[in-house]
Amino acid sequence: MSDITIIDTGIANTASVFAAFERLGCSVTLTRDPQRVSEASFVVLPGVGQFGEGMRSLRASGLDRVIVEHIKQDRPLLGICLGLQLLCVGSAESPGIEGLGVIDAMVTRFPATIRTPQHGWNRVGNGYAYFSNSYRVGSIPDGWDGELSEHGGVFVASLRRGRTYACQFHPELSGAWGAGVLRSWIDNAKEASPCCAVE
Amino acid sequence: MLCSRVIPCLDIDNGRVVKGVKFANMRDAGDPVEQATRYEREGADELVMLDVSATIGGRETALDTVRAVRRVLSIPMCVGGGVRTPEHAIALLRAGADKVGVNSAALENPSILTELASRVGAQCVVLSIDAARLAEGNGWQVVSRAGTHQTGVDAIAWVARAESMGVGEILLTSFDQDGTRTGYDTQLLREVRRVTTLPIIASGGADNAQHMIDALRAGADAVLAASIFHDNETTPDAIKEELAASGIEVRA
């Protein structure tokens, strides 16, 4: 089964992500060593916490460049929750702080009239996903496929381009449906390029 | 649209599930890993585990329990009970909790909430409140230490402060209703809903789906129950079918 490398963001609920991949039979590594991440095939950028803190931490370790390069080479990357947001240009949560800029979108806060944070299960496609967020991307940016969900208007639930998959929800906490999402990310990444299949 | 959540609660003492009424007369009610697995299979949307251990050894065991449950559980888990420092909260998150509930420590030192939220993100911080009704018309006061300590803090005012302190969710237990199985304190829920846009988990008093419907209509986003699930009287799925039949959006 596949080797999964989870970027250790320090605090985020990495234990849940770790356990979810182990249940799929993957061999899982947790690291913040840029060298190891740059050599990894399947990389997960999890995220709980604040946008500015997340970017500072990635920049301090040089992981920002490693992640952008990984995506440029279309090697498999999964961004979860704040992980999706960090891939964007910037966020209303931390004005003035640049994101990784892979996704050409700004992250904004849910309208003040709606329950915030969004804590709980919301419909995505034919299933239900668990969300835990106060910020989100409002529409699917050019060049990406994606799915929308609704909470005080539509927002982006997931985005996909090549072997990069980023989701605002937590697949690791979304029961059997979420396990299916993780499995498809792995399977699609393998199918997308048999020449450099990573097993 | 965001679904209403049904949340079983496990009280954990020294690695075992226990149950009691108003925090007293605890008796053994099984293995946490087995019960967590069963609840997920039976449609639980989330799990709350409260560590009721009174000893330091018990606290250490709770970390092991969280690790063991995390290995099998693929729905969110909130852990609370005796969390006194940011370090303790972070240890629980690292062990596999997705959210941490803080109760008495926040009353004694509210800045723990702000500090915790800035370190782990607001969405991981749950303020747990035990509210006891005062004489008619005088509202509710926050109680602590299993209801033995009257803090004199107004429960509604406390919730109103919580949002600005960086809390991401409120776990609101009615001390009067807890263990009675006569329904949640819907008046309390209505009053609290007025002062916050934070998600509220209603707790204390559930006996059946109608009680849960009443709580959700009063402003709760999630309903927590312990005893009705422990003894196999009903399941989260069975409850959710009734919620759906009354027009409440739930995860199928």
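**Helices, rings and sheets**

Tutor: Let's start with a helix pair: α1(B) and α2(B) cross in a right-handed way. Keep in mind that we're looking at a predicted model. Helix α1 of chain B covers residues 32-41 and helix α2 of chain B covers residues 56-72. The two pack at an angle of about 35°, and their axes are 9 Å apart.

Which residues of α1(B) and α2(B) meet? On the α1(B) side they are B:P32, B:V33, B:A36, B:T37 and B:E40. Facing them from α2(B) are B:T65, B:A68, B:V69 and B:V72. Sort the residues of this contact by type and you get six nonpolar, two polar and one charged.

Now slide along chain B to another helix pair. Helix α6 of chain B (residues 155-164) and helix α7 of chain B (residues 186-195) have axes that come within 9 Å and cross at roughly 35°. The crossing of α6(B) and α7(B) is right-handed. From α6(B), the contact uses B:I156, B:V159, B:A160 and B:E163. From α7(B), it uses B:L188, B:E191, B:V192 and B:V195. By type, the contact of α6(B) with α7(B) has six nonpolar residues, no polar ones and two charged ones.

Next, look at the rings. Over all chains, the structure holds eight aromatic pairs. Take A:F131 and A:F169: their ring centres are 5.8 Å apart and the planes sit at 80°, an edge-to-face pair. Why is this pair worth a look? A:F131 lies in strand β8 of chain A (residues 127-133), while A:F169 lies in the loop between β12 (164-167) and α6 (175-192) of chain A, so the pair ties together parts that are 38 residues apart in sequence. A:F131 counts as buried because its relative accessibility is 0%. A:F169 is buried too, with a relative accessible area of 0%.

B:Y39 belongs to helix α1 of chain B and B:F229 to helix α9 of chain B (residues 227-230), which puts the partners 190 residues apart. Both B:Y39 and B:F229 are buried.

Back to A:F131. Together with A:F110, A:F155, A:F169 and A:W177, A:F131 forms one aromatic cluster. A:A176, 45 residues away in sequence, has its C-alpha 15 Å from that of A:F131.

A:S149 stands opposite A:F155 in β11(A). Strand β10 (residues 145-150) and strand β11 (residues 154-161) of chain A run antiparallel and are joined by six bridges. There are three residues between β10(A) and β11(A), and A:G152 in the turn has a positive phi of about 65°.

Seven strands of chain A form an open sheet with mixed pairing, in the order β2-β1-β3-β4-β12-β11-β10. At the edges are β2 (27-31) and β10 of chain A, each pairing on one side only. On average, neighbouring strands of this sheet are turned by 20° against each other, direction ignored. At the β2(A) end, strand β1 of chain A (residues 3-7) and β2(A) pair in the parallel sense over five bridges. Helix α1 of chain A (residues 14-23) lies across β1, β2, β3 (42-45) and β4 (77-80) of chain A, and runs at about 160° to β2(A).

Finally, find the three-stranded open sheet of chain A, in the order β5-β6-β9 with mixed pairing. Its edge strands are β5 (90-91) and β9 (135-137) of chain A. β5(A) pairs with strand β6 of chain A (residues 106-109) in the parallel sense over two bridges, and A:G90 stands opposite A:M106 in β6(A).

Note on methods:
Residues numbered from 1 in each chain as written. Chains lettered and ligands numbered in written order. Predicted model: local features only at pLDDT ≥ 70, side-chain atom pairs only at ≥ 80, totals over all residues. Heavy atoms only, no water. Pairing = 2+ DSSP bridges. Helix = DSSP H or I, 4+ residues; strand = E, 2+ residues; numbered from the N terminus. Axes fitted to C-alpha atoms, helices over the stretch in contact; angles between N-to-C directions. Left-handed = near helix turned anticlockwise from the far one by under 90°. Contact = heavy atoms within 4.5 Å. Nonpolar A, V, L, I, M, F, W, Y, C, P; charged D, E, K, R; others polar. Phe/Tyr/Trp six-rings, centres within 6.5 Å; stacked < 30°, edge-to-face > 60°. Buried < 20%, exposed > 50% of the residue type's maximum accessible area, 1.4 Å probe, protein only.
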